[in-house]
Every structure is written in structure tokens, then in C-alpha cells.
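I opened the notebook to look up charged side chains and how they pair. My entries follow in the order I made them.

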Amino acid sequence: TIELGFATLELPDGRTMSIVDVPGHERFVRNMVAGAAGIDTVLFVVAADEGVMPQTREHLEICSLLGVESGLVALTKSDIADEEFLELVREDVAELTEGTFLEGAPMIPVSSTTGEGIENLREALFKLAAGVKARDAKGLFRLPVDRVFTIKGFGTVVTGTAASGTLKKDDEIVALPGTTTAKVRGIEVHGEQVDKCYAGNRVALNFSGVGVDKFNRGDVVTLPGTLTTTRMVDVHLASLLNASAKARPLEDRTRLRLHIGTREVPVVVALLGCSELASGESSFAQLRSSESFVACPGDRFVLRAYSPARTVGGGVVLDPSPVRHKGDKPEVVQTLEILRTGEPAQKLGAYLKLRAGRGLIPADTQAMLGTTLEQARNLLGVAVKKELALVADAKTRRHIDRGFIEKLETIALKVLDAYHAQNPLQKGLGLAELRTRFPRHIDPKLVDFALERMSEGGTVKIEGDTIRSASFTVTLSTQDTALRSKVTDAIAARGFEAPTLEEAAVLVGEEASALKPVLDYLVDEACLVRTKEGLYFDADRIGVLVKEVKALLASQGQITVAEVKGYTGVSRKYLIPLMEYLDNRQITRRNGDVRITGPKGRK
């Protein structure tokens, strides 16, 4: 056998067993792994006239890594092996399977030529099938594709073993990691047309209007919007036990081939918590690929080396879309241990921590925990009640780790405290400026959520587009108080001939850098009016001007620049900024060469 083969076996109780025949030759192990993905139990075949071969050992290792828990052994060609040699083969197989899931499994001699043992094998398979655990049909539908072909008159067909969930005829599907979408035209299970297929079924799906070139072995057929692709996964990795004294440990940053589902992609193994993995040891790791693939928590995988081509280990996926871990992070290892051994509620808390800046919506949670959507929502609700999570977006039901939001709040308070210390005369920091003080990778929406939460909690005050710590109040020093009096008197004495910052500094004999905070404070306190040209007018004098302009508008309906100049007695240098100030405040509205009453210009 070079390619995968498929057949069915009717069981005495009316059920049907799907058989996936995989290649035995070592050159086709990659095909073997694709066929073994998703099997419930194994019929392990050893030829009685040859015994245990090198690929026999590797196939057993791969089945163990893929989490197969039961099986039996068929000793084929028993008719051409004498009893003594057959007994030696039994001993070899017993030694091979010691300590594995096949230890103590039935070993049944059979002959396809004479029919000897076939009925015994059939009965043993029946007993084996009775102990197989049912798959979860309530989760997300996933079908790793192992064959793609076309049938004349029907169109494109893909086959595979449904890993989870259910699929109905006429459902819309997407084939990941690509973008191919199609409508299910027909479904076959064990060669029979059905309207719905379930997890654990060997399934053939027929699509209309989609070319055979749009699908590939390794694709995952699923429902749109339920799963996403990844190029990186956090895993628990076990290195195969190698009795050879020359066996090299698995080193950090080793390049290997990842077999997951029916897909193969190149990966770099980044070990977490150790620098190398000796033969037979296990560790947490992050697998990083240059190619996209689909993974879900709990998925089993196999890792094979390039040269020599051999299986070096495998394990289970814990987090299918992690952030890139850098350096030695014990807290990451601790969190991954929870994902490996914890209960669903504990795992949810761990996923929230790992996705601190991204969070989880109910659909994400369903995929992560392998639950129904309703169960996912309930678990998120419990996390909120236990104050482990916060709902940052009511529309999408985006849940964020509470500790992460509290960290953002701590950052905001530190920034504000530092700003207030450096700018004691400023009422607050601009919100836009505060947002830039957070790390760039943090979602601005989460920053705004944290600030709103702080405002509601009373730790900060948001006024317009500025924010300040609730405990902060502007206080003038003795020196600043004296400077305030000097500058307000000087500006008031100039009437409508408003000074710039530099001119005001000369008037009071002070450095501009020292005077600016005081002027900003006076603007905030509405003692001064600052125009866009940087002129500082006395606020009381501006108030009198506004009253006079409103009176003129009320009496004659319009005013001219000449009339305002006559009242103020200033040159165009000051007159134009004053007129623009009146326009901007909507006291007046320009209409040709005159100003008429603006929305706020009535007396």
C-alpha cells in the first residue's frame, strides 16, 4: 500500500466499523500519519513470516502519540509460518507492546488464503468496538480532509473522519487554511446517503460548483466563522524513548515536521522551561510555523525529523493561538499546566490570562474548551460573577481578564501622577496623549474601557478631552501666585493689545518657560482668553466686548470690522484675532464684508 485505503465492516449489532488502511513502508509514514489521525482503535498487523519490522515500531509509537487507547494484533500469513516461528513472533510483539496501550491486547493468527482466524478476528473487533468512547457531536464541526477527488455527474468529493460536531446537507462550509467556501450537496457515511453526519463518522462530502483544485489533503472542513487558522501553538510535548546511548536530546529551536490532523507543516520547536528534552522526557513547548494550519485544544500531533526521517515525539495542543513567548517565563509554564490538567472553569481562567489583551468571545470559548455555545456562555458568566473577567464589549460579549484591565488602570494612574507632578498648574492630561503612553500592542478600545471604568469608580475625572486623577487639585505656589498677579495686571493694563507669551514674559521680567504654566492655568480658570494666534486677552475685557457686540447686533442686525475697531481702538494685528474669536464662539457669523448674528449672538 502506498496511499490510504478505506473499507467498512458490518458488526453483528448492526453498527458499521470504518477501516482506514495505511501504508506500512517507512517511505510512506507521512501518509500513514494522515490516515491514523482521528482513529478510535487500531488493528495492528504483523506478518507472521517476517515479524516486527522497523516501521512496525514507528507505527506503534505514532499511534501512542495520537492518543489511541485500545486495539488488537493480527498475525497475518499464519498459514506459511510454522508454530515455532509463530511463537517467536508472538514474543517479539509482546516485547514491542510492553508498556504501551497494546500491552496484553489479543494476538490473533489469521490467514487470508485459508480463512483461518478470520471469524475470531471479527468477534474480537466487535468486542473492541463496544468499548470505544462516543465522540462529542455537540461541539464545532471539523473534518480533516484525507482524500480529494471528482466523480462524473456529481462533482468534487472530499473524505475524512469527522473529528467533532455535526454537519447537515445544504450547510455552507469553508475549507481552512484556504478560503474556499461551498454548499454541501450530499453526504455519504459508509457509502450510504444521509442528511446529517456526526463526530466519528467516516464521511464523504459532495460539493457543487467548486473545482477539485480548491481542496487539498490537510484542509479542515468546518462551518464559516467558527474556527481560525494559526501558525503557532502551545503544546505539551513528549520526546520518544530511545534506548540508544547515542540518542541526541531534542534541542531548543530544532526544525521538525508537524503532523496534525491530516496536514503536515514545517515547525520550529521553542522549548518552554528547559533548553533541551532528553529521550523519554516531556515539556511544554511552542511550535512555530511559516505555514497556516488548523488546531484546537486537545488535538494530538506527531513530530518527525527531516534527516534521518524518523518520529521524534508528539503530544497534545493546549493553546491554538498563543502570543509569542520570549525568554524564560515560569508563569507561562504554570498556566499551561492548568490547561493540561485543569477543569473547564480553571482552563477558562488560564485562557483569559494567556489572551490578556485579546480576550474571549463565546465562540472562542466554545472552540477552546470543546463545549457547546450555551456551556461556553455559562462558563464566561461564572467567570464574571467570580470577578475573574470583565465584559469589555457588550455587543460582541468580549470577556477580558480582570487582572489585565487592572494593570491598564495602574499604568494610567502612574502616568497621571507623573504628569501632575511635572505640571501642577494643568487641570489634566489630554486623553489622546494618555492613550499614547500605553504599549502600542494594546487595543485602544481596552484602554478606553479601563479609563471609563476608572471614571465610574471615581479614581479619575474625565472633563471633555482631558483626564486627571480624582485626588489632584491645581494649587499655586507662593511664587506662582505672585507671578499670576503680575501677569494679569500687566495684560489688563494693555486693554485689547494682547501680548504673546514672549511679550508677556518681557512685561513681568520672567522666563517664558516659567510663565507658560501660569498662563495655561489662567486660561483654564477662564481668567484669560487665548486665541489661535497665541495672543492672551483679559477675559473680563473680552466679556465686555461680547456684550457690546451683542447690543449692536440687537439694534442694527449686523456689525462691521470698522465698528469693532472703533470700540477697541486696536490695529489689525489684534482686531482680526478678535473677530475670528467672535466667529468661533458663534457670537457672529461672517456674511460678505459684515458680521451678522450667530447662533449664540443674541443679547
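Which residue forms a salt bridge with Asp448, and how far apart are the closest N and O atoms? I looked it up in the model, which is predicted. The partner is Arg435, and the closest N and O atoms are 2.7 Å apart. This pair links distant parts of the chain, as Asp448 sits in helix H11 and Arg435 in helix H10, 13 residues apart.

I then checked how open the two residues are. Asp448 has 24% relative accessibility, so I put it down as partly exposed. Arg435 is also listed as partly exposed, because its relative accessible area is 35%.

Next entry: Asp443. I found a salt bridge between Asp443 and Arg398, with 3.0 Å between the closest N and O atoms. Here too the pair links distant parts of the chain, 45 residues apart. Asp443 belongs to the loop between helix H10 (431-436) and helix H11 (444-457), and Arg398 belongs to strand S24 (residues 398-401).

Is Arg398 buried or exposed? Its relative accessibility is 15%, so Arg398 counts as buried, given that buried means under 20%. Asp443, at 22%, counts as partly exposed.

Next entry: helix H3. I looked up Glu87 and found that it forms a salt bridge with Arg90, the closest N and O atoms being 4.0 Å apart. Both residues lie in helix H3, three residues apart, which is about one turn of the helix. Glu87 is partly exposed because its relative accessibility is 37%. Arg90 has 24% and is therefore partly exposed as well.

Last entry: charges on the surface. Which residues gather in a patch of negative charge there? I wrote down Glu91, Asp92, Glu95, Glu98 and Glu103.

To close, I put two residues side by side.

Technical notes: Residues are numbered from 1 along each chain as its sequence is written. This is a predicted model: local features need pLDDT of at least 70, side-chain atom pairs count only at pLDDT 80 or more; totals for chains, interfaces and linings use all residues. Side-chain values use heavy atoms; hydrogens and water are left out. Patches are made of residues with over 30% relative accessible area and no salt bridge: like charges are joined within 9 Å, nonpolar side chains (Val, Leu, Ile, Met, Phe, Trp, Tyr) within 5 Å. Accessible areas come from the Shrake-Rupley method with a 1.4 Å probe; for residues, only the protein chains shown count as cover. A salt bridge is a side-chain nitrogen of Lys or Arg within 4 Å of a carboxyl oxygen of Asp or Glu. Lys and Arg count as positive and Asp and Glu as negative; His and the chain ends are not counted. The place of a charge is taken as NZ of Lys, CZ of Arg, CG of Asp or CD of Glu. Helices (H or I, at least four residues) and strands (E, at least two) are DSSP runs, numbered from the N terminus. Buried means under 20% relative accessible area, exposed over 50%, partly exposed in between (1.4 Å probe, protein chains only).
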